Amino acid sequence: MRKHILLPALTLSGGAAGFILRKWQLSSGFEADTGLALPHAPSALAVAGFSALLLLLLLFLSWREEQQLPWELAFSAGKEAPLAITALILAAMLLLAGAGAEIVTYVVNGAFFLEGETPFSRAASAALPPLRIALSIGALPCIFFWARALFRGDTRRENAAALEPCFLYCVWLISTYQLRAADPVVQDYLYEVLAIVASLLGLYFIAGHSFGNGKPRQTVFFCLAGAYFSLVTLADGHSLADAFRYLFAVLYLTVHAALILNHPPVGKAPAKAETEADENA
């Protein structure tokens, strides 16, 4: 089996197993009365151990990729690949659906609840949800332009459209930190935070290729890690908006990892790039 199929398949199947193990932990790894995590609970050790083993395997397999790749090679497998591009557009629609779900919450509640002990934290609590909504809506055209560039094999540098999902996940990480910082039960939100952080790093390294800083090893690893942890944390019973964002990460990051893993051999530029080089000679 080719690596651009093997690694994503390993990640998705591992994510399904991690989802089941996390469900087991949620049902048996916490005290019924207090909600505190049971020390040395077999279910908690199983989730942590399985996640560590899978991440080590993904790290080993992804580190076999090139240390650097030029932009024209990194995502060249996306050129005239309608299945991959359709998947990216579908991922953008998931973010749009998440924004719709958050808007409904806003309308039903009249406003988002203000949380925090200081004026700054209450102001942040009021500002972050509308900002998440705006960035989720803005992701649709940005991902469309990014997907179109991949489909056309557009090798122009500094495609800022790839950065927009990074901004969304930065805001989401801040929102999650504000919500979870006072929670003493780390096992309650550990995989949620790991999912957002790994996905953010995957998005960051994806965008880096467009700015001449492409690192295939890190991109593949963090894309697959973000997809894995996003599947695991879906067991936690998130809001509909958050669930759509996790599903977005699974689809968007897995597609990009598969494209990089399917790049042509180094030294063999895509036909379009070779033609342009000949014309300019």
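Predicted model: local features only at pLDDT ≥ 70, side-chain atom pairs only at ≥ 80, totals over all residues.
Colleague: Let's start with the overall fold. What makes up the secondary structure of the protein chain?

Modeller: Ten helices and zero strands. From the N terminus on, the elements read α-α-α-α-α-α-α-α-α-α. Of the 281 residues, 46% count as buried. The chain exposes about 13,600 Å², with carbon and sulfur atoms supplying 67% of that area. And among contacts between residues at least 6 apart in sequence, 81% join residues at least 24 apart.

Colleague: Now the helix pairs. Why are helix 1 and helix 8 called roughly parallel?

Modeller: Helix 1 (residues 3-28) and helix 8 (residues 216-233) pack at an angle of about 30°, their axes 7 Å apart. Angles under 35 degrees count as roughly parallel, so this pair gets that label. The crossing is right-handed, by the way.

Colleague: Which residues of helix 1 and helix 8 make the contact?

Modeller: On the helix 1 side they include Leu-7, Pro-8, Gly-14, Gly-15, Gly-18, Phe-19 and Arg-22. Helix 8 brings Val-220, Leu-224, Ala-227, Tyr-228, Leu-231 and Val-232. By class, that contact divides into eleven nonpolar, four polar and one charged.

Colleague: And what makes helix 8 roughly antiparallel to helix 9?

Modeller: Their axes cross at roughly 150° and come within 8 Å. Over 145 degrees counts as roughly antiparallel, so helix 8 and helix 9 qualify. This crossing is left-handed. Among the residues that meet are Cys-223, Gly-226 and Ser-230 in helix 8, and Tyr-246, Leu-253 and Ile-260 in helix 9. The contact of helix 8 with helix 9 has 13 nonpolar, five polar and no charged residues.

Colleague: On to single residues. How do you know whether His-256 is buried or exposed?

Modeller: Buried means under 20% relative accessible area. His-256 has 0%, so it is buried. It sits in helix 9 (residues 240-261). Leaving out residues up to four places away in sequence, His-256 touches Phe-75, Leu-88, Trp-146, Leu-150 and Ile-206.

Colleague: What about Asn-159: buried or exposed?

Modeller: Asn-159 comes out at 18%. The cut-off for buried is under 20%, so Asn-159 is called buried. Its place is the loop between helix 5 (119-152) and helix 6 (164-180).

Colleague: Which residues does Asn-159 touch?

Modeller: Phe-145, Trp-146, Ala-149, Ser-210 and Phe-211, again not counting residues up to four places away in sequence. Take Ala-149: ten residues from Asn-159 along the chain, with 8.7 Å between the two C-alpha atoms.

Colleague: Why is His-40 called exposed?

Modeller: Exposed means over 50%. His-40 has 71% relative accessibility, so it counts as exposed. His-40 is in the loop between helix 1 and helix 2 (42-62).

Colleague: What is phi of His-40 near?

Modeller: Near 60°, a positive value in a residue other than glycine. Most residues other than glycine have a negative phi.

Colleague: And what is phi of Glu-80 near?

Modeller: Near 55°, also a positive value in a residue other than glycine. Glu-80 is in the loop between helix 3 (71-74) and helix 4 (82-109).

Colleague: How do you know whether Glu-80 is buried or exposed?

Modeller: Its relative accessible area is 60%. With over 50% as the cut-off for exposed, Glu-80 is therefore exposed.

Terms used:
Residues numbered from 1 in each chain as written. Heavy atoms only, no water. Axes fitted to C-alpha atoms, helices over the stretch in contact; angles between N-to-C directions. Helix = DSSP H or I, 4+ residues; strand = E, 2+ residues; numbered from the N terminus. Parallel < 35°, antiparallel > 145°, perpendicular 65-115°, else oblique. Left-handed = near helix turned anticlockwise from the far one by under 90°. Contact = heavy atoms within 4.5 Å. Nonpolar A, V, L, I, M, F, W, Y, C, P; charged D, E, K, R; others polar. Buried < 20%, exposed > 50% of the residue type's maximum accessible area, 1.4 Å probe, protein only. Areas by Shrake-Rupley, 256 points an atom, 1.4 Å probe, with all protein chains shown as cover.
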